[in-house]
Amino acid sequence: MSHDLGALFDPKGVIITGVSNHPGKFGFVTLHNLIASGYQGEIFPVGREPGEVLGRSVLGSIDEVPDGAADMVFICTPQAVNEELLRAAAARGVRAAFFAAAGYREAGPEGVEAERRLVALADELGVALAGPNGQGVVSTPSQMCAQIVAPYAPAGRIAVASQSGNFVSSFLNLAHHTGVGVSRAVAAGNAAALGIADYVEWFADDPETDVCLVYMESVDDGREMFERLRAVAERKPVVVVKGGASDAGARAAASHTGALASDDAVFDGMCRQAGLIRARDVEEGFEAAATLATQPLPQGNRVVVVTTVGGWGVAAVDAMADTRLTAVALPDDLYAAIDEKLPPRWSKNNPIDMAGGETRDTVPEILELAAAHPDVDGVLFLGLGIQSNTASMLREGGFYPDHGLERIVGFHERQDARYAEAAAEIAARTGTPVLIATELANARPDNAGPAAVRAAGRMCHASAGRAIRSLDLMARYANWRRARGL
């Protein structure tokens, strides 16, 4: 059953305990991050030494918070005082608590007992309990970064739930790098009361979220977990990255969370049955989620590769060998239509290698022809950024802007930006995913091509192989849905 976590992700006011002037303390950092992220609700710092921190008055007690002014408390204080603080917060109207504080299960038998008491108290008070021993919670619709570390992230449609705070940071960093943003993110910590399935079920009803992204290391009750996540997968994609897949990794996971990782082959099979999209690592997980959040689902496995030069197209087809995707033979009518657009030296095959024969409008036209064809389920465009690379050297070569260079530099950069925009428009218009890959996404992110993709909040893959892998994961999920009539 889904918990009401509205007070955790969209609180009208936040109480922070343990606030002091020490910039290395969790309370200070959390207060700083809340202010820096632009949180618009009321903030009530509470500390042992009333005064002022970061321009905010620090209260000496939670009892000084006006009734009903805050519905979330962020706990940064030692374990010994936290039960008293939770009672006081609940008495002021708090309905959700994030416990960054440690000293619970991970601290041994006494911590286990303290955690048991904490859960019982939260149940008694009717407070949704996140953590303890967690990193924090992020919610871009509320401009809220309630974390003991950085970063914040651009707004977007991906919601993250993780058994590791570090992986929350990793996903938020990738959101910054790619420009594909996040709606919510939470580190489950010890997950004493609320676990991964609880958060993902709430994301399923969240109008700000299109895709759920999960990192997990262990599963306490596999059948229950997968039944709950399967129900979510029927409504929204759920991408799963799992730590502890190898024997050595399982031992490392046990030392991290204190729980045993499940058998990886069993876990993999349950993911397939439940419609969960399993990714191999953090980069693949984020890229799959980012692609799902910004592209339509493919209707099948047939792919057309459009490239400005041959080698990249070969690499893309090679990458399909490890997937269920197929480089479809060009249908006769599509072949004929493309043949009218390109000079005779084009590849006459899929990949469609334009062999440098494109003119001003050729790339958008070929992408449109391929994506609109009923026998094509996905398109991959390779070659974005070549013209802007040339423009960059012309700018920096010592002759710019004379010798007529200004005009051609501007043309090259506008063309790459135009290709990026055209890919997004064509995907939206045709309902066929149109992915873009260029190593410039990493090598030169300031290049006009990948920069335009990023500015549009879409994923620009750093290689053909990575784009193909994301498209394959999308196609598998789409097949799972079709098989169930969804």
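A residue counts as buried when its relative accessible area is under 20%. The model examined here is predicted. By that cut-off Tyr 215 is buried, because its relative accessible area is 4%. Phe 167 has a relative accessible area of 23% and is therefore partly exposed.

A search of the whole structure returns 11 aromatic pairs. In the pair of Phe 167 and Tyr 215, the ring centres are 3.7 Å apart and the planes meet at 10°, so the pair is stacked. Phe 167 belongs to helix H5 (residues 165-178), while Tyr 215 belongs to strand S12 (residues 211-216). The pair therefore ties together parts that are 48 residues apart in sequence.

A second pair has another geometry. The ring centres of Phe 381 and Tyr 419 lie 6.2 Å apart, and their planes stand at 90°, so this pair is edge-to-face. The pair links distant parts of the chain, 38 residues apart. Phe 381 sits in strand S18 (residues 378-382) and Tyr 419 in helix H15 (residues 405-430). Phe 381 is buried, with 0% relative accessibility. Tyr 419 is buried as well, at a relative accessible area of 4%.

Further ring contacts were found. Phe 9, Tyr 199, Trp 202 and Phe 203 make up one aromatic cluster. Elsewhere, a charge meets a ring: Lys 242 lies over the face of Phe 267, at 5.2 Å from the ring centre.

Strand S1 was examined next. S1 spans residues 13-17 and is mostly covered, with 5 of its 5 residues buried. In a regular strand, side chains alternate between the two faces of the sheet. In S1, Gly 13, Ile 15 and Thr 17 point one way. Val 14 and Ile 16 point the other way. Residues on both sides of S1 are buried.

S1 pairs with two strands. Strand S2 (residues 42-46) runs parallel to S1 and is joined to S1 by 5 bridges. Strand S5 (residues 72-75) also pairs with S1 in the parallel sense, over 3 bridges.

Definitions and conventions
Residues numbered from 1 in each chain as written. Predicted model: local features only at pLDDT ≥ 70, side-chain atom pairs only at ≥ 80, totals over all residues. Heavy atoms only, no water. Buried < 20%, exposed > 50% of the residue type's maximum accessible area, 1.4 Å probe, protein only. Helix = DSSP H or I, 4+ residues; strand = E, 2+ residues; numbered from the N terminus. Pairing = 2+ DSSP bridges. Phe/Tyr/Trp six-rings, centres within 6.5 Å; stacked < 30°, edge-to-face > 60°. Lys NZ or Arg CZ within 6 Å of the ring centre and 35° of its normal.
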